[in-house]
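Look at the chains first, then work through the topics below.

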Amino acid sequence: MLVVLGVLPLPSAAHLVSTGLGPIYDGIGHFFLSLEDLLPLLALMTLGGLNGVAAGRRIMFVLPSAWLIGGILGSLIAVGTIVPAYVAPLMAIMLGVMVATDAQLPERVLTGVIGIVGSASGLTTGIALATQTNNLQLILGSAIALCVLATAVPALVIVAATSRPWMRIAVRVLGSWIAGVGLLMLGWQVRIS
Amino acid sequence: MILRTLFILALAANSSVAWGHSEGGQASGLIAGLLHPIGGMDHVLAMVAVGLWGAQLGNPALWMLPVAFPLVMAFGGFLGLIGVPLPGIEIGIALSGVLLGLAVATKLQPPLWVALLLVAVFAIFHGHAHGTELPEGASGLTYSLGFVIATGMLHASGISIGLVQRWQQGKLALRWIGGLISLGGAYFLFGALS
Amino acid sequence: MSVRSIFGRVVTRLFQFALALLLPQLAMAHELQPGFLQLTETAPHQYEVLWKQPTSLGNPLRLTPVFPVTCQALNAPQSEVLPQSWVWRMRLSCPAGLAGQILTIEGLEAFATDVLIRVEHGDGRIETHLLKPADPSVTLNEAAGVHGRWTYLTLGIEHIALGIDHLLFVLGLLLIVGNRWTLIKTITSFTVAHSITLAIATLASVHVPAAPLNAAIALSILFLAPEVVRVWRGQTSLTIRKPWLVAFAFGLLHGFGFASGLAALGLPRNEIAPALLLFNIGVEIGQLGFVFLVIGLERSFRVLKIHWPRWAEMLPAYTLGTLGAFWTIQRVTLMILR
């Protein structure tokens, strides 16, 4: 994966990747390279892991579904609509703070958060890719990548957070980093607008 | 172990992304962001001192500081980015080096909230300086990533140096290092005032 | 019959329906037939051109090499139709040389295939480029030769990434093996076996007809499906007790399949060994990546304590069985019709 990432030429604005392996793989590449959209999702997956096994399962099943619904919806909406650029940083800040404070959410609240964040993120990507000819396949590829991450990240966090106390701290530090990056991104949006 | 591997992978992935971006003509934001906190010696001193102090104070300050610091610092950066002015930044940064160094040298042990507040105030100064000094044309996201990661690394290196206090001589060495940091801070303070 | 099992049946049927819709695409995906363009400098600034135009179901893909404007054709192109490609030959004179000139494959944007470009300079230097739909032209450069050899590594990774039948076979093996030691033995014997036949086929130019080979590879996937079901039912068989035997035997077959991907490029003699090695390494990288992905996911499922319903547990076996059967029938039919 790293090798692939290293050699890919990146069109800076659209993040559209050509892997030469067809639209599904292009979608996977797009997902991993859209860092600003990836950040809140990573924070959410980490939060799920910190909330235990049942929450991790919820992330694995609900997050990709919500994302896919948002993604398809986004590609159906007419071109020209855009999701405001501050949505992703705001979500990153909110979720990053939750990870940093090791917030234990009730099951229903967590499900709601997953649904909202997942569909908002999917919507952003769906709209961004709407102009592409293969957009549905690109979205499917992204959703596949998300499925893998949404399974692996909560599991990793569960293993890490329950093994040693300092590992749990390290995960929480990562959360505060994500929130920090979100804050700076938000400031950046204000500055360039 | 898994987490460490994951983290290294994440770092590697991020850096390659930054390389890709630089190909597209953008300033290599991640590298700029990584180098920026390390570039100024006044920043480095203060941040290592925070890590050292945390190690001296022990739990819960040891883990609360690295969780809180990046956040507060990013908040300072946010203020800098949106153009909220903050007077006396250079003096504040240099002063933070002096005071944090002194705290380590004297092994000062205030109540937890005082320590957190002190560090938070200084973190805002540091973050603000980074926010306003953001290079033109740098990519906001990768710059932020590099900036936060570098800060965390400096912090972690302070904490790891602080681990030497397990030994008697280590405790002494730590206080000496604090004294040196304080002197360094005084040098920068002198520069900022004159 | 409980509601749950009815639901399970519905899901299984839906899945089979979706597979049937996807199948033509999957079947196409495997046919990675890259084009090959070779320029050999026979006299100063004079080049022999060999252009292997890939074909799809007997029709040539509309790909045209566009040579630098300073080049002139010395004769009319001669063509020859081979089973998998249409070969063109001509002679070219480029008084200004080729360094710094742009070579384009017109029409490449429209196809999901690659074109390998190979230039043999008069002084023995060789430069290689792999053109993709996203970037169908290349600036020929004196210094690019060494870097160009890595294209074979990329080709190997691509071949396995798009070779869904190979990946499904590996998935079947992973579903059968019980413990880590068996896993290592099985994957190693598959790797050794396909490396042997890949090397034999390429170095000794052993040609295995593509149609029966592909049918046999499809059959190997179909063969694994009942074995997976047996594992799931707690039964045993020779395959389950000694999966590395099966992996080795069918690995020999799959190696010939990999060789066809490499042979389509028409490699020249003096470059075969490094190209073969890099291509093989690329295949192994892709395969190991897939193995780690599957194992990682399986571990994550265990950490998350997921209890799959019966139909979901059977899904991989059904996928193997359905696709294996479909490909076997499709490929045998194609073989007979031809």
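Two strands pair if DSSP finds at least two bridges between them. Helices (H or I, at least four residues) and strands (E, at least two) are DSSP runs, numbered from the N terminus. With these terms, three strands of chain C form an open antiparallel sheet in the order 4-8-11.

This is a predicted model, in which local features need pLDDT of at least 70, side-chain atom pairs count only at pLDDT 80 or more, and totals for chains, interfaces and linings use all residues. Residues are numbered from 1 along each chain as its sequence is written, while chains are lettered from A and ligands numbered from 1 in the order in which they are written.

**The sheet in chain C**

- Strand 4 (64-66) and strand 11 (137-139) of chain C stand at the edges of the sheet.
- Each has a single partner strand, so one side of each is left without a neighbour in the sheet.
- From one strand to the next, the twist averages 15°. Here axes are lines fitted to C-alpha atoms, for helices over the stretch in contact, and angles run from 0 to 180 degrees between N-to-C directions.
- Strand 8 (residues 102-106) of chain C is joined to strand 11 of chain C by three bridges, and the two run antiparallel.
- Opposite Ile102(C) stands Thr139(C), in strand 11 of chain C.

**Chain C as a whole**

- Chain C has 10 helices and 11 strands.
- Of its 338 residues, 36% are buried. A residue is buried if 20 or more other C-beta atoms lie within 10 Å of its own, exposed if 12 or fewer, and partly exposed in between; C-beta atoms are placed from the backbone.
- Take the contacts in chain C with a separation of 6 or more: 75% of them link residues 24 or more positions apart. Two residues are in contact if their C-beta atoms, placed from the backbone, lie within 7 Å.

**Chain A as a whole**

- Chain A has eight helices and zero strands.
- Its pattern along the sequence is α-α-α-α-α-α-α-α.
- Buried residues account for 58% of the 193 residues in chain A.
- Among contacts in chain A with a separation of 6 or more, 84% are between residues 24 or more positions apart.

**Confidence in chain A**

- The average pLDDT of chain A is 85, and 89% of the residues score at least 70. pLDDT is the predictor's confidence in each residue, from 0 to 100.
- Over residues 1-14 of chain A, pLDDT stays under 50. The model has 24 contacts beyond four places in sequence for this stretch.
- Where pLDDT is low, the predicted coordinates should not be read in detail.

**Where chain A meets chain C**

- 16 residues of chain A are in contact with 16 residues of chain C.
- Helix 4 (53-76) and helix 7 (135-163) of chain A each supply at least two residues of the chain A side.
- Helix 7 of chain A gives the largest share of that side, seven residues.
- By class, the chain A side has 10 nonpolar, five polar and one charged residues. Ala, Val, Leu, Ile, Met, Phe, Trp, Tyr, Cys and Pro count as nonpolar, Asp, Glu, Lys and Arg as charged, and the others, Gly among them, as polar.

**Two lysines with positive phi**

- Most residues other than glycine have a negative phi.
- Lys107(B) has a positive phi, near 50°. Lys107(B) lies in the loop between helix 5 (89-105) and helix 6 (112-132) of chain B.
- Lys107(B) counts as partly exposed, because it has 14 C-beta neighbours inside 10 Å.
- Lys305(C) also has a positive phi, of about 50°. Its loop runs between helix 9 (272-303) and helix 10 (310-337) of chain C.
- Lys305(C) is exposed, because 11 other C-beta atoms lie within 10 Å.
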